[in-house]
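Subject: Structure handover

Hello,

The structure we discussed is below, with the sequence. My notes on it follow.

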Amino acid sequence: MRKQFKDTTLELAGKDDKVVVILGDISHFLFNDFQQKYPTRFYNMGICENALISITAGLSAQGFHPFVHTITPFLTERSLEQIKLDMGYNRFGGNIVTTGASFDYAWDGATHHCYTDLAILRLIPGMEVTQPGNKQELDTLIRSQYKNGKPTYFRLYDHGHTVAMPIEFGKGVALKDTGAAVTVMTAGPILTNVLEACADLPVNLVYFHTLKPIDKELIARYRHTKIIVVHDAFGLHEAINEVPDLRTVYHGLPDQFCVWYGTVHDIRKNIGLDPAGIRAAIQKRIND
Amino acid sequence: MTPACREIRKNILNASRTSGHGHIPTSFSIIEMIAAVYDTMKHDPKNPQWDERDIFILSKGHGALGFYAVLAQHGYFPVAELNTFGAFQSRLGCHPDRFKVPGAELSTGSLGHGIAVAVGMALAFRLQNSSRRVYTLIGDGESNEGSVWEAVMVASHLKLTNLSIMLDHNKSQVRSLPIPNPAERFASFGCDTIEVPGHDLEALKAALAKPAANVRAVIADTTKGYGCPTLSNNVFEWHRKSPKPEELEKLMGELNAA
């Protein structure tokens, strides 16, 4: 998905001289061709995430459409106040693009895990928050939103899903609507595991790539069903519950640090977010 | 002290007395610095959004009353409006809001933000091949923030000669984490650094006008509460205090004598 990010911004930079890329010393080899083609609009600015966000705001203030990119927890959790004030409160837009979502850096341990980013960023007034599930979604959402004048978050993943579907910013997708009494709601690449988990189960399945604004109209259509939200981060469950009078349960992260290494798949399995764990949770919801 | 800077300080005292708010000592330490910027930079009080204007960012947003008083002196809004400082529906909050204050380019308050946004704006002007310049004023207390030094490192690495960083070295941080030799510190980060008596308007203007080989750091040696010994000798008592009528009279007298 990172390569798609580079490919999309490279193409946009050719059409739009307001596109500027700022890296926090990550993905710089990937952006070699961007740097060679647009050297004055490429900055590997160093490992200084607070400054990166404020500088992004300053570029935006003077008419540019900056993309700022580095590892998820360092750019979002560490720099939350810069995003809140310099971009949000001051209404200077810009594109925050992170890599290392949830447990993509499983082997690096809990310092490199990040699962609060979506939840905290969607609380900032005026912010748009996306969790593209694969390359096509990322490409479509960036092209649609990169010059919207608002702080906009794109969360990259290493293991995207392969489901083709219509993609429109702010719109969820009903992937399966059988009139079932239980609805599974999910977002991002974990869709791969969710699909495997519930392939033969009597459930509806609703998918989101945009968490803010959340598609309330689509959610409300399933108000009469029992809802289970399956997500490998915080933020989706809270967003869905902006719609009143829902009956939701959350199947996702435990209230503990995931202090193991290995791969994202190892950690997902350990916390019940592998297909078997998700299937068990959905079956329990069916039988509630 | 120039007559204009004395007048600005009197307006601050009156506004603080009327409103009940105000960081007076810190506002008094930055008057000449901000006045020097507004005497130097391209700006138009009748058209605060003029496309060709230079940018000033008060990174130490708690100096807002001093900032507003200079803006009012230049005609951005009536001096009488200073008396609404901090009131519920006032445009003039205790930290500046760029959507409310004519002439304010950034809403600041949390320390260590404005200087880095200023770096982004200076980079933007370079990319636009524009001659517009950026000025930002930071405090010595603010310089405890790591983000200040992140911003300085990036600015000097990019050689942003269109950016001037002004340090209000009023020594407020003797109480906690002082920077013993700020000129040396900024120079070691790559800045083209000048030390200036912080209440000498002409020296400040000369420092800002001088061509720089890299991002310019103006280290202004200032005094909290400058012009009023009652304030400068009791900065902790007066850190965030509004004068009573008899205190106002005394402070005005001290200003007249300064």
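In chain A, strand E8 (residues 182-187) and strand E11 (residues 226-230) run parallel and are joined by 5 bridges. Please keep in mind that this is a predicted model. Within that pairing, Met185(A) stands opposite Val229(A) of E11(A). E8(A) also pairs with strand E9 (residues 204-208) of chain A, again in the parallel sense and over 5 bridges. Here Val184(A) has Leu205(A) in E9(A) as its bridge partner.

How many of the residues of strand E8 of chain A are buried? The count is 6 of the 6, so the strand is largely enclosed by the rest of the structure. In a regular strand, side chains alternate between the two faces of the sheet. In E8(A), one side carries Val182(A), Val184(A) and Thr186(A), the other Thr183(A), Met185(A) and Ala187(A); all of these are buried, and both faces are covered.

Two local backbone features in chain A may be worth a look. The peptide bond between Lys212(A) and Pro213(A) is cis, with omega about 0 degrees. Pro213(A) sits in the loop between strand E10 (210-212) and helix H9 (216-220) of chain A. Arg91(A), in the loop between helix H5 (80-89) and strand E4 (94-99) of chain A, has a positive phi, near 55 degrees, and is not a glycine. Arg91(A) counts as partly exposed because it has 17 C-beta neighbours inside 10 Å.

Chain B has 10 helices and 5 strands. Its radius of gyration is 17 Å, close to the 18 Å that the globule rule gives for 258 residues, so chain B is as compact as a globular protein of that length. The box filled by the C-alpha atoms of chain B, taken along the principal axes, is roughly 50 × 40 × 30 Å. Buried residues make up 52% of the 258 in chain B. Of the contacts in chain B between residues at least 6 apart in sequence, 75% join residues at least 24 apart.

Next, helix H8 (residues 201-209) of chain B. Its buried residues are Leu204(B), Ala207(B) and Leu208(B). These cover an arc of only 95 degrees around the axis, which means they lie on the same side of H8(B). They pack against helix H3 (31-40), strand E3 (163-169), strand E4 (192-197) and strand E5 (216-221) of chain B.

Chain B also has a residue with positive phi that is not a glycine: Asn129(B), near 55 degrees. Asn129(B) lies in the loop between H5 and strand E2 (134-139) of chain B. With 7 other C-beta atoms within 10 Å, Asn129(B) is exposed.

Last, the interface. Contacts link 20 residues of chain B with 21 residues of chain A. On the side of chain B that touches chain A, the elements giving two or more residues are helix H5 (114-127) and helix H6 (146-157) of chain B. H5(B) gives the most, with 10 residues. By type, the residues on this side of chain B are 13 nonpolar, 5 polar and 2 charged.

Regards

Methods
Residues are numbered from 1 along each chain as its sequence is written. Chains are lettered from A and ligands numbered from 1 in the order in which they are written. This is a predicted model: local features need pLDDT of at least 70, side-chain atom pairs count only at pLDDT 80 or more; totals for chains, interfaces and linings use all residues. Helices (H or I, at least four residues) and strands (E, at least two) are DSSP runs, numbered from the N terminus. The radius of gyration is taken over C-alpha atoms; the globule rule is 2.2 Å times the number of residues to the power 0.38. A residue is buried if 20 or more other C-beta atoms lie within 10 Å of its own, exposed if 12 or fewer, and partly exposed in between; C-beta atoms are placed from the backbone. Two residues are in contact if their C-beta atoms, placed from the backbone, lie within 7 Å. Two strands pair if DSSP finds at least two bridges between them. The arc is that of the directions from the helix axis to the C-beta atoms. Ala, Val, Leu, Ile, Met, Phe, Trp, Tyr, Cys and Pro count as nonpolar, Asp, Glu, Lys and Arg as charged, and the others, Gly among them, as polar.
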